[in-house]
Amino acid sequence: MRRSNSDNSQGKGRGRGGRRDGRGRGYSNVKPEKRDDGGDGTVYLATVTELALDAPAQGVFATLKASRGRYDGQRCLLRARNQPAVEALRVNDILRVKCRSDRQNRLEGRLCPPRIGTTATGTASSPKKPLLVLDLNGVLCDRGTYATRDAKQKKSINRPHAAQFVRWCYERFEIGVWSCAKRDNMDLSLFEGRDLVLCWDQRKSTSLWPRTSTVSPQKPLFLKEIDQLWASTFDAPRDEDLGVSGDWRRKVEKPSAPKLTRYDASTTVLVDNHLEKFERNPLGSCVLVPTWTASEESDAALSLDGDLCRTLSQYATGDCQETGEKLAGNGIVPKEHPAPTDDDVRAVQDYVARGCPDGPLHPSLEALASAPAPPPSARAEAPPPPVKAQEAAPPRPPQKSSLERLASQQQARGGFDASLAKRFADLYCSSRQHKTSCPDWPPRKYLERRDSPGPRARPLKRRDLAMLRTQRWFATEKTDGERHWLWADADGCRLLSRDLSVARSFGPVQGLSSDTILDGEVVSESNGREFFVAFDAVRCLGEDVGAHPNAPARLKASSRAFELLSDLDGLHVIAKTYYGADFDILRKTLDTGVFTDGSRSTECDGVVLASYRDNHGYYDAVCFKYKPRVTLDVRLRSAPRIGDIEASVQNGPHDVTVTSVAIDAKAMKLLKSVKPPPKGVRGHIVECEYIDGLWRIQRIRTDKKKPNSLRTAWAVLESIADRTTVQDLADALAQAWSQDDNAIAAAEHYDQRQRDRNAGKQLQDQMYRLRRLNNFVKALVLDACCVRRDAAASESCDTASLLRDLRKPGKSRRPERRDRKPCAVLELGCGRGGDLGKWRKAVDVTKLVACDISTVALDEARERWEKDGPPQGKFVVGDLGDATLAAKIKGEVGEWKPWADVASCHFALHYACGSPERIDALLDCVATNVKSGGVVVATIIDWLQLRQLLVNGGRIGDLCKVECSDEARTQLLQLPDESSAGHRAWGVEYKFTLGDAVQDCAEFVVHRPSLIARAAAKGLKCTLEARFDCFLDGERRRRGPAFLDLATSVGVRPKHANDDVLSDDQFAVASLYCVVAFVRED
């Protein structure tokens, strides 16, 4: 049959329709259709298949891929001429290209310009690889000097080995470019066909003019302040548009959700050839490369076996910050920051003396401007002749910096000390917890905005009551005072206002020589006594107490500071009292509006709710405020008069009118008692209360320069229609505090265990083999119950044969590859995410929701999952026995119908067995989220084995210990072998210890017959119940060699004769557990 020219099948050798390349080989057997430009405009992914750099073709051959492209599947030539990135390509490299046909109708490709990521807002994940930010001129290429570039050199010359170096970097890092040149002068040819996380130019750099660069005295010194990068969230380029050539008839698919990434000190390396640009960056994140010029033809700094690549290899495989600190001083990683020279000081002081003709001085140069004048330079020119008196012009007053102008404006309010404010901001931001939770808020942002750091309480709404019922909250009175910081150190004590200006100063306090920072407010009694009431603490005697999990704990850790600061020249410093289950103590305060605790009696306009557990302590603390009275701070829009006056709130830089205020004779008297607003200020800031349908003035807010924000105003206006009573609040708090204490204790226990691991604490050696055995069982359970769905167990266990096989050394073989079925997964009690990888290997995960009560462990689980790529998982903090857990999960998924194909709960179900209500809440959560026909698996402690262990003394060697009260022992011995009616089967508590992984943790007996009966009532039919040893023996007999191969690969079975083997105690502990599986029925 004759083949047509439009046939897309590929020919070989000299087959008909084939065309020849420079080496006599056919690389496309399809004649492209004629177009005016010789190409179809489509962007293809080109995979390099053959190198021909030394042949007449002088390039590489690549196979094209684009689902809607005309040349999909065909072969094209990428020539090295004018494409420097081509010369470094290797087989299987993938790039983005566009194609066109040459005069002989052969396909030739052209590398596309690099795609550049964008910054975006949203929830970001950790990067898969570190970010390497490269400079261009002097590092990868030479554009000539600043003075001669335009006249003598129009094009960049690439440094020797530059193309190979860039390709090498892409294999190990995500790549970005940051140059202090203008965008038009940046040559990105080395990155063609690839992606860049960022491409920043001079506009992203910080100009320190009149300080100049070492490149040229006419060029300003630009700094690359890396905290800008860490404060940004990046959206990487995506490939949905491949194959789209602009044809309006083609259907363009909806783009997928952005995959946002945030980098920090542990995942960023900045490469430059000028040490001066690193002046404000952490040294460990900076790498210095010798400057290269085109005259140095034998340069080898970028060679793949050079010192630079060896240094970067260490960054690619570890924590960048720690690696940099280890390598500091090796000649590539700088050991110390450069210091401004005498020439810099002279330039700055001369610039200020001339009145800052080119604009305001950068705030960071204020210190140089006020520094002592350096000695005259030896090269200084002779002074010009004096000007005659009659010709001398009047001296021009020096222009004030922004900080100087602010200082003069606030002189009347107690003064603003710029250096003191900077010290405070630096100290506040020095906390590791702050850097983790608020990476986009460096000290300079607080200084620029003149805004106080710290949490802000938001109004409590009725919809928030559901959260209050399921999580514990502390309550304290909302004192009607002015918020201040109390900052004390060896130099003295001072009160800082919201704008970081000094409101009041005190002398040094004996015994208080280290930094102490308290967050609170100044209040006054009717008799004139003044108090600083601290509602939270950040630092105490140099310790970062802000890292503690809640406000009462932080204040307790600061008790020594309160003893030393009890009286400051008549200002009494005390700590607020927080109430938990005893919220009713505050009921009288809410009724009377006065708080009395024996030491003070002050006005109170509501309560503040503080979270029981803040993930990163004070620095991301969440708090609500509740007022029985509805108040709003507004700005009056006109001069005071009797009647209604329009009032506004702030919306960005502008004010927006939202309501009107009723002014009566009492309000007029109050307004006349204060000074009128200064010229240029739009009106008084007043606090108004909503009374009988009208807003009425209660006081003048002289302590505030701005009204409430529009967002706050809308929340307040909503609260008028959505009233929450004191009883509603009390009932919600009481319900949360009445919940099981064991769940909270378990969360704290596992949080601490995770912190220990993050700090580098290792588990006991005997725990590793036991963990591997448990992981081995879970992998078998997942495959047998959720994938193959043919799980079976032996009725009895041949323990001797099983142990003999597991202890016999052997090598693992690669398992057979199987098609992975799409599967939506619900993981309950996910812990650190150790089982999430098993799901990726067994099934094609289309959706994942993981839940755990430990926030610290859940953070690591999220990082583990996101490192391995899509799909994006949902991670929910929740107690397995919480009645609202099902709604939380459905809210994260966005589906109210069952969605999960499989659900699992490994070694955690016992925490939900404290009461019938808690186990019902867990089973309801599973039943409402798992589809009909879906599978549920759980690994639990076998109650019969537990009972026998207690009878035998409650110990398995020194590895496991079980203890319980006499009452619990009696209840356990009396449990029937069948389903138990009533409450007897639930709430039987014991203490469990397992090595150093679980320490004296409270758990509850899982009475398996009652669990199966209760699950059946929820539509969950039991399909498997077997002890671990019986399940393992059954899988061993059925799988044969594949069982032993898997045991070797996961580390249960030794690979060598002298390796440690599974001990009798470890196997006995594993035999305490059993596996149960259910199928969801209609």
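**View 1. Helix 4 packs against helix 5 in this predicted model.** Helix 4 covers residues 307-316, and helix 5 covers residues 320-327. The two helices pack at an angle of about 140°, and their axes lie 8 Å apart. An angle over 145 degrees would count as roughly antiparallel. Helix 4 is therefore oblique to helix 5. From helix 4, the residues at the meeting point are T311, Q314 and Y315. They meet C320, T323, G324 and L327 of helix 5.

View 2. Strand 22 (residues 482-489) and strand 25 (residues 516-524) run antiparallel, joined by seven bridges. In strand 25, L518 is the bridge partner of L486.

**View 3. S431 sits in the loop between helix 9 and helix 10 (432-437).** S431 has a relative accessible area of 2%, so it is buried. Beyond its neighbours within four places in sequence, S431 is in contact with D544 and Y619. With Y619 there is also a polar contact, side chain to side chain, at 3.4 Å. S431 and V538 are 107 residues apart along the chain, yet their C-alpha atoms are separated by 9.3 Å.

**View 4. L541 has a positive phi.** Phi of L541 is near 50°, and the residue is not a glycine. L541 lies in the loop between strand 26 and helix 13 (551-557). Its relative accessible area is 32%, so L541 counts as partly exposed.

**View 5. H906 is buried in strand 40.** Strand 40 spans residues 900-906. H906 has 9% relative accessibility and therefore counts as buried. The side chains of H906 and T939 make a polar contact of 3.1 Å. Setting aside neighbours within four places in sequence, H906 is in contact with K778, E827, L828, G829, D835, V937 and T939. F907 is found in the loop between strand 40 and helix 25 (916-929). Phi of F907 is positive, about 55°, although F907 is not a glycine.

**View 6. L909 and L994 have the most contacts inside the largest nonpolar core.** This core has 110 residues. Helix 20 (residues 765-787) gives the most to this core, with twelve residues. Leaving out neighbours within four places in sequence, L909 is in contact with I919, L922, A938, I940, V1006 and L1011. Another core, of 37 residues, lies apart from the largest one. Its members include V289, L302, L308 and C309.

**View 7. Cis peptide bonds join W209 to P210 and P870 to P871.** For W209 and P210, omega is about 20°. P210 lies in strand 14 (residues 206-212). For P870 and P871, omega is about 0°. P871 is in the loop between helix 23 (855-867) and strand 39 (874-877).

Definitions and conventions: Residues are numbered from 1 along each chain as its sequence is written. This is a predicted model: local features need pLDDT of at least 70, side-chain atom pairs count only at pLDDT 80 or more; totals for chains, interfaces and linings use all residues. Side-chain values use heavy atoms; hydrogens and water are left out. Helices (H or I, at least four residues) and strands (E, at least two) are DSSP runs, numbered from the N terminus. Buried means under 20% relative accessible area, exposed over 50%, partly exposed in between (1.4 Å probe, protein chains only). A polar contact is a pair of N or O atoms within 3.5 Å; within protein, one must be able to donate a hydrogen and the other to accept it, and residues adjacent in sequence count only if both atoms are side-chain atoms. Contact means heavy atoms within 4.5 Å. Two strands pair if DSSP finds at least two bridges between them. A nonpolar core is a set of buried Ala, Val, Leu, Ile, Met, Phe, Trp, Tyr and Cys residues joined through side-chain atoms within 4.5 Å. Axes are lines fitted to C-alpha atoms, for helices over the stretch in contact, and angles run from 0 to 180 degrees between N-to-C directions. Angles under 35 degrees count as roughly parallel, over 145 as roughly antiparallel, 65 to 115 as roughly perpendicular and the rest as oblique.
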